[in-house]
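Visitor: I would like to learn how to read a protein model one feature at a time. Could you walk me through this one?

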Amino acid sequence: MFGTDFREGSRKAAGEAELAAARAEGFHAGVDHAHREAQGQLAGLTGQLARSAERLFAQEAARTAAVEEHAAHVAIATAKALAGAALAEKPLAALEGAVRECLSHARTAPHLVLRVHESMVEAAEELVRKLAAEHGFAGKLIVLGQSDIVPGDGRIEWAEGGFVLDSQQLTALVEQAVARVFGHGQP
């Protein structure tokens, strides 16, 4: 009887040990499974977070580009307004700078022709005479009025060259540059 109890006790102990081992193995398998599942969920959430961040960065970049484009157009509009005010106050200011530059290159030219808007001929003649005297220009000065030239613009010509001051062309070039930078025209 003692031997049977002992064998039965041994089997019972072995069964309990096997059960404990199986429980431990099941527990570890469950922990491993839960760990893998948590890692998968974390990877999925990290991916979603990365995609959301990319969308936010793209939206912010688009907003920044729109603000920069708007600022460029505001700057152009402001420059046009200031240029218009400056032209109204000093209609020959830009031409004066251009004539000064041309006289420094054409000091020995036999003649200098300045074409301006017909309403500015007298003022332009006075300006050109003054600048020619300052620069020692001894050639013939000719100022011609033309209705197709915008007030403040002009053309300066001499034997070896010439110069055109065209505010509309300059404005178009600035607008083209802005369009190239931002990929399209004005809003």
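**Strands, helices and a core**

Guide: Helices (H or I, at least four residues) and strands (E, at least two) are DSSP runs, numbered from the N terminus. This is a predicted model, in which local features need pLDDT of at least 70 and side-chain atom pairs count only at pLDDT 80 or more, while totals for chains, interfaces and linings use all residues. Residues are numbered from 1 along each chain as its sequence is written, and side-chain values use heavy atoms, with hydrogens and water left out.

Visitor: Is His117 buried or exposed?

Guide: Buried means under 20% relative accessible area, exposed over 50%, and partly exposed in between (1.4 Å probe, protein chains only). His117 counts as buried because its relative accessibility is 16%. The strand around it is mostly covered too: five of the seven residues of β1 are buried.

Visitor: Which side chain makes a polar contact with the side chain of His117?

Guide: A polar contact is a pair of N or O atoms within 3.5 Å; within protein, one must be able to donate a hydrogen and the other to accept it, and residues adjacent in sequence count only if both atoms are side-chain atoms. Here the partner is the side chain of Ser119, at 2.8 Å. For plain contact, the rule is heavy atoms within 4.5 Å. Not counting residues up to four places away in sequence, His117 touches Gly145, Gln146, Ser147, Ile149, Val150 and Pro151.

Visitor: Which strands are joined to β1 by bridges?

Guide: Two strands pair if DSSP finds at least two bridges between them. Seven bridges link β1 with strand β2 (residues 140-146), and these two run parallel. Within that pairing, Gln146 of β2 is the bridge partner of His117. Strand β3 (residues 154-158) is joined to β1 by four bridges and runs antiparallel to it, with Leu112 opposite Trp158.

Visitor: Which hand does the unit of β1, α3 and β2 have?

Guide: A crossover is right-handed if, with the strands pointing away from the viewer, the path from the first strand over the helix to the second runs clockwise. Together, β1, helix α3 (residues 121-135) and β2 form a right-handed β-α-β unit.

Visitor: Which residues have the most contacts inside the largest nonpolar core?

Guide: A nonpolar core is a set of buried Ala, Val, Leu, Ile, Met, Phe, Trp, Tyr and Cys residues joined through side-chain atoms within 4.5 Å. The largest one has 22 residues, and Leu114, Val116, Val143, Ile156 and Trp158 have the most contacts inside it. At least two residues of this core come from each of α2, β1, α3 and β3, and α3 gives the largest share, six residues. Leaving aside neighbours within four places in sequence, Val143 is in contact with Leu114, Val116, Val121, Ala124, Glu125 and Val128.

Visitor: What does Leu103 touch?

Guide: Leu103 belongs to helix α2 (residues 93-105), and it counts as buried because its relative accessibility is 0%. Beyond four places in sequence, Leu103 touches Leu112, Leu131, Ala132, His135 and Phe137. The C-alpha atoms of Leu103 and Phe137 are separated by 7.1 Å, although the two residues are 34 apart along the chain.

Visitor: And how many helices and strands does the protein chain have?

Guide: There are four helices and four strands, in the order α-α-β-α-β-β-β-α along the sequence.
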